[in-house]
Amino acid sequence: PVLTLKDTTGNDINYFQVISYDDELFGQAQKAIDKAIQVAPDRLDLRFLKTASLIGYENESPDMALSSLKGLVDYNFTRHPKWEYPGVEKADDEFFTSAIQEYCYLFFKYGTPTSFEAFRQLSEKMLSYRPSDVLFLDNLGSYYLVVAKNSKTALKYYNKVLKIKPDDMTAIKNLIILARNAKDVKLEKKYLPMMIRYTEDSATKMSAEKRLEFLENSR
């Protein structure tokens, strides 16, 4: 259902939409998609359709969706299936990893305690198989910086990223934010030159140069 009100000119305004599920029908649909997966276990699109349905059903508390995704990650890295995805020519490891990161982003975007926890657990699950993957190391850095408010642990993850990929802008930007939040001038001066060196955005580079100049002159 959609809540509809009139504005001052008499036009309808739709404020929000609430999607409701019939539990019995939803259960039947899950059985049907599970059967389809059994018939075609390497159809990655079917597995993602199942996950999408669970996310829609659970909304901001994606417990079943998280369990499904963690199981899918285990299946991918232990069985090494030759994934098929209609419309995608090459459903390889890069495609799979990018898709899992999209789910991580969605969980983080929900911004609830449960979804943040799903974000952390799914990132950790990927790192258990790909320990040097900077995408998921950055994720954990962001979790500890934004959610757990643990700057020390966030610093550890972001520095690990930079050892693997020195030009990783996500890590560099967030390390500068971390330094500013802590009012740690020494730390900020350590990472600003990296921003200047690696950014491809001229405005960002200029801003970093001016900030570094200001800090240098404020000694």
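This is a predicted model: local features need pLDDT of at least 70, side-chain atom pairs count only at pLDDT 80 or more; totals for chains, interfaces and linings use all residues.
**Entry 1: the core**

I started with the nonpolar core. The largest one has 53 residues. I noted the residues with the most contacts inside this core: V73, W83, F96, I100, F107, L122 and M126.

I then picked F96 from that list and looked up its neighbours. Leaving out residues up to four places away in sequence, F96 touches L44, L72, V73, N76, F77, W83 and M126.

**Entry 2: helices α4 and α6**

Next I turned to a pair of helices. Helix α4 covers residues 93-110, and helix α6 covers residues 134-147. I found an angle of about 10° between them, with their axes 11 Å apart. Angles under 35 degrees count as roughly parallel, so α4 and α6 are roughly parallel to each other.

Which residues make the contact? From α4 I wrote down T97, I100, Q101, C104 and F108, and from α6 I wrote down L135, F136, N139, V146 and V147. Sorted by class, this contact has 7 nonpolar and 3 polar residues, with no charged ones.

**Entry 3: a closer look at N139**

I stayed with N139, which is found in helix α6. Is N139 buried or exposed? Its relative accessibility is 6%, so N139 counts as buried. I also listed what N139 touches, again not counting residues up to four places away in sequence: Q101, C104, F119 and S123.

**Entry 4: helices α9 and α10**

I noted the crossing of α9 and α10 as left-handed.

On the α9 side, the contact uses V185, E188, K189, L192, P193, M195 and I196. On the α10 side I found T204, K205, A208, E209, R211, L212, L215 and E216. The residues of this contact divide into 8 nonpolar, 1 polar and 6 charged.

**Entry 5: F26 in helix α1**

Last, I looked up F26, which sits in helix α1 (residues 23-39). F26 has 11% relative accessibility, and because buried means under 20%, F26 counts as buried. Its contacts, not counting residues up to four places away in sequence, are Y21, S53, L54 and Y57.

I also checked one distance. F26 and G87 are 61 residues apart along the chain, and 27 Å separates their C-alpha atoms.

Definitions and conventions. Residues are numbered from 1 along each chain as its sequence is written. Side-chain values use heavy atoms; hydrogens and water are left out. A crossing is left-handed if the near helix is turned anticlockwise from the far one by less than a right angle, and right-handed if clockwise. Helices (H or I, at least four residues) and strands (E, at least two) are DSSP runs, numbered from the N terminus. Contact means heavy atoms within 4.5 Å. Ala, Val, Leu, Ile, Met, Phe, Trp, Tyr, Cys and Pro count as nonpolar, Asp, Glu, Lys and Arg as charged, and the others, Gly among them, as polar. A nonpolar core is a set of buried Ala, Val, Leu, Ile, Met, Phe, Trp, Tyr and Cys residues joined through side-chain atoms within 4.5 Å. Buried means under 20% relative accessible area, exposed over 50%, partly exposed in between (1.4 Å probe, protein chains only). Axes are lines fitted to C-alpha atoms, for helices over the stretch in contact, and angles run from 0 to 180 degrees between N-to-C directions. Angles under 35 degrees count as roughly parallel, over 145 as roughly antiparallel, 65 to 115 as roughly perpendicular and the rest as oblique.
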